[in-house]
Amino acid sequence: MAASGAAAAARSPGAPAGTAARARRPPSGRPARLPPLLVLLAAAAARPGTGGAALYRAGEDAVWVLDSGSVRAATANSSAAWLVQFYSSWCGHCIGYAPTWRALAGDVRDWAAAIRVAALDCADKSNHEVCQTYDIHFYPSFRYFRAFTKDFTTGENFKGPDRELQTVRQAMIDFLQNHTDENRPPACPALDPIRPSDVLSLIDNHEGCYVAILFESNSSYVGREVILDLSPYENIAVKRALDSDPAFLEKLGISSVPSCYLVYPNGSHGLINIMKPLRSFFSSYLKSLPDVRKKSLALPEKPSKEQNSEVVVWREFDRSKLYTADLESGLHYLLRVELATHRTLAGAELKTLKDFITIVAKLFPGRPPVRKLLEMLQEWLASLPLDRVPYNAILDLVNNKMRISGIFLTNQITWVGCQGSRPELRGYTCSLWKLFHTLTVRAGTHPDVLDGTGFEDDPQAVLQTIRRYLLTFFGCKECGEHFEEMAKESMDSVKTPDQAILWLWKKHNLVNSRLAGHLSEDPRFPKVAWPTPDLCPACHEELRGLDSWDEDQVLLFLKRHYGSDNLVHTYATALGGTGEAEGPEGGRANPERPGDHGAESLHPPGALPPTPRPSEGSHLGPARPEGHREVEAAAPFLGMGFSSLDMSLCVLLYVASSMFLMVMFFFFRVRSRRWKVRHRHPSV
């Protein structure tokens, strides 16, 4: 899991709703250079409600950038197959993998007529619903979509031993070969090997163009890769043959594989001399032959969506303070987006959610309306007699569809202490670390609040609940697995609430150390040991010339820093739900001194434009854009705002009551008839 300075969410520039042509095609040549002023303006610009950056950019990368409006149209009944990465731009592993994905897309750019490499950002709020539709729970997720698929499908999961470029490229070839003759992409040439007799036929009956035959072993992918590399080129055909007949190879003068045998347009033929028997050498040589030129592919043009040039505002903050806006924004994303990817919760998943909500409801130190909502959610889950719950029913309560007064949770993202120098850095993962630290500190300083929950007198209760939540629900699967490894190593050694506080602090610093220098590290907020000496001088001491920790002082600092007395409401969304955030004067802290974990100063350098930040309506906003409208229009029938679960229970009770009344009616009617019979025929 990323540390406090880890990646936040970013956006993937989307395409407007329409047909399959709306997925943006990467440029065939080098992009035009922009004037320096436009480059600076673009760096400071953001699309409303989505944030200002993406891991992949249409027009710059070879990756096809999809969004909620284009993914269905692009992959349905397409003449090409698709390999789509569903990622989240706050996920540190997604950020670290982005260069590999870009390199893959560039490496197989010539395969685009047969199979395309695409990406969709699930952190963009406009894509939340479509990622739920495609059943995306963890990031990154890789899905294949076959060509000419008419019915809706969530795709086929990539199942490779690793995600290295060569592994994925070879898996793409296997996927293409798994197409049937009926649904194979028309632009995909035959990839199966030809027989020796077919080779002789090609040599004897030349067709006025080059014919290259790659001889290779059965396990080699070089021939198929070269075939696809040359597929958009005309005046040349590439085939592959296996080395299964040594006598035939000897006849052609082939002593080693892979080797290329070339038939020229004039009918001459022979083995070509390649310095290194590598895919790139074969492809480069064949592309350079006289009269071999690239075809003019009739791919549809992809309209680009206009970018809004609204400049994202930097929020000054005091790094010695804990901000309500960070905690509430993280809760909003957790409840409305991350958990909403699970349509139904049952068994261990439901138990994990109940325990996590219980811990948060009892220990969250935020504003009363937010605490009240969490308490109502906890009580409702605890009293629910069902062993399977649709998450939409939970969302109804989180979104307050019943219009209960006094409960509230912002439906917007406002990062303050979790701001990053770029929108895809820090943010959500930073807010999770702050939330987890706050929960462990609150459990240590107010242990009585857990009375009656089943967690009392258990110093590991909060840590174990966090551990299960991350492994079950956290979108970055590898991050959750890393946390699980740390928990297996030493969590059992925690015997007191104070040890729980220090355990999480140590592991947080361990994650910082591991991710230092990673692509997800914010250059303006380097991942260093925290708290830094300027924040807590007493926490640091020197032993034999080495910096070391005074853990007693660290514990005091953590209790003070993550305590409710240090929580300020500056920039927090107004409780009326208007979406207006309180200004710097609205909180108790004086935000004149900026900064955060591991940063000396948060003032943007004077020579740079304002640092990009997600706006209040950034992509980590509501799980669905219409979520707020649903609250306003919640079931006007009879003036009540019942959820689908409430209505189902009402119908169930109605049916049960009707059946009971019918049984009672027939019971008394039968008794009445028997009574009449006895009085009509009195016994003698």
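Q: In which sense do strand β3 and strand β4 pair?

A: This is a predicted model, in which local features need pLDDT of at least 70, side-chain atom pairs count only at pLDDT 80 or more, and totals for chains, interfaces and linings use all residues. Residues are numbered from 1 along each chain as its sequence is written, and side-chain values use heavy atoms, with hydrogens and water left out. Helices (H or I, at least four residues) and strands (E, at least two) are DSSP runs, numbered from the N terminus. Two strands pair if DSSP finds at least two bridges between them. Here β3 (residues 81-87) and β4 (residues 115-121) pair in the parallel sense, over seven bridges. Within this pairing, Y87 has D121 in β4 as its bridge partner.

Q: In what order do the five strands form the open sheet?

A: The order is β2-β4-β3-β5-β6, and the pairing is mixed. At the edges stand β2 (64-65) and β6 (156-157); each has a single partner strand, so one side of each is left without a neighbour in the sheet. Helix α3 (residues 92-107) packs on the sheet and touches β3, β4 and β5 (141-145). Contact means heavy atoms within 4.5 Å. The direction of α3 makes about 155° with that of β4.

Q: At what angle do helix α10 and helix α12 pack?

A: Axes are lines fitted to C-alpha atoms, for helices over the stretch in contact, and angles run from 0 to 180 degrees between N-to-C directions. Angles under 35 degrees count as roughly parallel, over 145 as roughly antiparallel, 65 to 115 as roughly perpendicular and the rest as oblique. Helices α10 (residues 324-338) and α12 (residues 368-383) pack at about 30°, with axes 12 Å apart. They are therefore roughly parallel to each other. Their contact is made by E328, L331 and L335 of α10 with V370, L374 and L377 of α12.

Q: How are α16 and α17 placed relative to each other?

A: The axes of α16 (residues 477-490) and α17 (residues 497-515) come within 12 Å and cross at roughly 135°. The two helices are therefore oblique to each other.

Q: How many disulfides does a search of the whole structure find?

A: A disulfide is a pair of cysteine sulfur atoms within 2.5 Å. The search finds four. One of them joins C418 and C430, with sulfur atoms 2.1 Å apart. The torsion about its S-S bond is about -75°, so this disulfide is left-handed. C418 lies in the loop between α13 (391-398) and α14 (428-445), and C430 in helix α14, so the pair ties together parts twelve residues apart in sequence.
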